[in-house]
Amino acid sequence: MARILVLHGPNLNLLGTREPGLYGSMSLTDIHQALVPLAAAAGHVLDTFQSNHEGALVEYIQQHGVGAALLIINPGAYTHTSVALRDAILGVGLPTIEVHLSNVHQREPFRHHSYLADIALGQVIGFGHHGYSLALQAACHWLTQQTG
Ligand code: DQA
């Protein structure tokens, strides 16, 4: 059994009502509720956290990252700005999968760069809320490979 962290950055608490054309109509609670049984079926547990504050996300990674097996993160706007989040992930050595609901590469140029892209195992981008279950599937597969 492994512990997988699922983190969400700023404004993702508004999912369901925030620009639904871009981000869909599922709330963060709905998304999390759909992930829990998928993780359980693979024998893993999920810890989830959302914050609008960069420091809170950094502290969460520092405090919970050490005992965890893997991080699935949608850093929201911090994707494009946060060296601190990148350093926190590197600092605890947490294998990471980056998720974005929208296809950031079809959007404004400032969304094309990610401070996590080159340190992540991989990215799931542009598949809306399905991206989280795809990331979890990839996480389970990756964890199986690690443990043999
Ligand atoms: C996002 C894309 C980011 O550019 C944006 O700031 C978000 C959401 C996504 O999931 O598509 O907050 O991470």
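Before turning to the first pair of helices, let me say that helices here are DSSP runs of H or I with at least four residues and strands are runs of E with at least two, numbered from the N terminus, and that axes are lines fitted to C-alpha atoms, for helices over the stretch in contact, with angles running from 0 to 180 degrees between N-to-C directions. What we are looking at is a predicted model, in which local features need pLDDT of at least 70 and side-chain atom pairs count only at pLDDT 80 or more, while totals for chains, interfaces and linings use all residues. Residues are numbered from 1 along each chain as its sequence is written, and side-chain values use heavy atoms, with hydrogens and water left out.

Let me begin with helix packing. Two packed helices are described by the angle between their axes and the distance between the axes. For helix H2, residues 28-41, and helix H5, residues 130-147, the axes come within 10 Å and cross at roughly 20°, and H2 and H5 are therefore roughly parallel to each other, a label given to angles under 35 degrees, with over 145 counting as roughly antiparallel, 65 to 115 as roughly perpendicular and the rest as oblique. The crossing of H2 and H5 is right-handed, which is to say that the near helix is turned clockwise from the far one by less than a right angle. On the H2 side the contact (heavy atoms within 4.5 Å) is made by Ile-31, Leu-35, Leu-38 and Ala-39, and on the H5 side by Tyr-132, Ser-133 and Leu-136. Sorted by class, this contact of H2 with H5 has six nonpolar residues, one polar and no charged ones, where Ala, Val, Leu, Ile, Met, Phe, Trp, Tyr, Cys and Pro count as nonpolar, Asp, Glu, Lys and Arg as charged, and the others, Gly among them, as polar.

The second pair is helix H3, residues 54-64, with helix H4, residues 83-92, whose axes come within 9 Å and cross at roughly 5°, and that makes H3 roughly parallel to H4. Here Glu-54, Leu-57, Val-58, Ile-61 and Gln-62 of H3 meet Ala-84, Leu-85, Ala-88, Ile-89 and Val-92 of H4, and the residues of this contact divide into eight nonpolar, one polar and one charged.

Now to the interior, where a nonpolar core is a set of buried Ala, Val, Leu, Ile, Met, Phe, Trp, Tyr and Cys residues joined through side-chain atoms within 4.5 Å, and buried means under 20% relative accessible area, exposed over 50%, and partly exposed in between, with a 1.4 Å probe and protein chains only. Which residues touch the most other members of the largest nonpolar core? Of its 23 residues, they are Ile-4, Ile-72 and Leu-136. Strand S1 (3-8), H2, strand S3 (70-74), strand S4 (96-100) and H5 each supply at least two residues of this core, and the largest share, six residues, comes from H5. Apart from this core lies another, of 15 residues, among them Leu-5, Leu-57, Tyr-60 and Tyr-78.

Leu-136, in helix H5, is buried, with a relative accessible area of 2%. Not counting residues up to four places away in sequence, Leu-136 touches Ile-4, Leu-35, Leu-38, Ala-39, Leu-46 and Ile-72.

Finally, a word on the backbone. Most residues other than glycine have a negative phi. Asn-11, however, has a positive phi of about 75°, and Asn-11 is partly exposed, with a relative accessible area of 36%.
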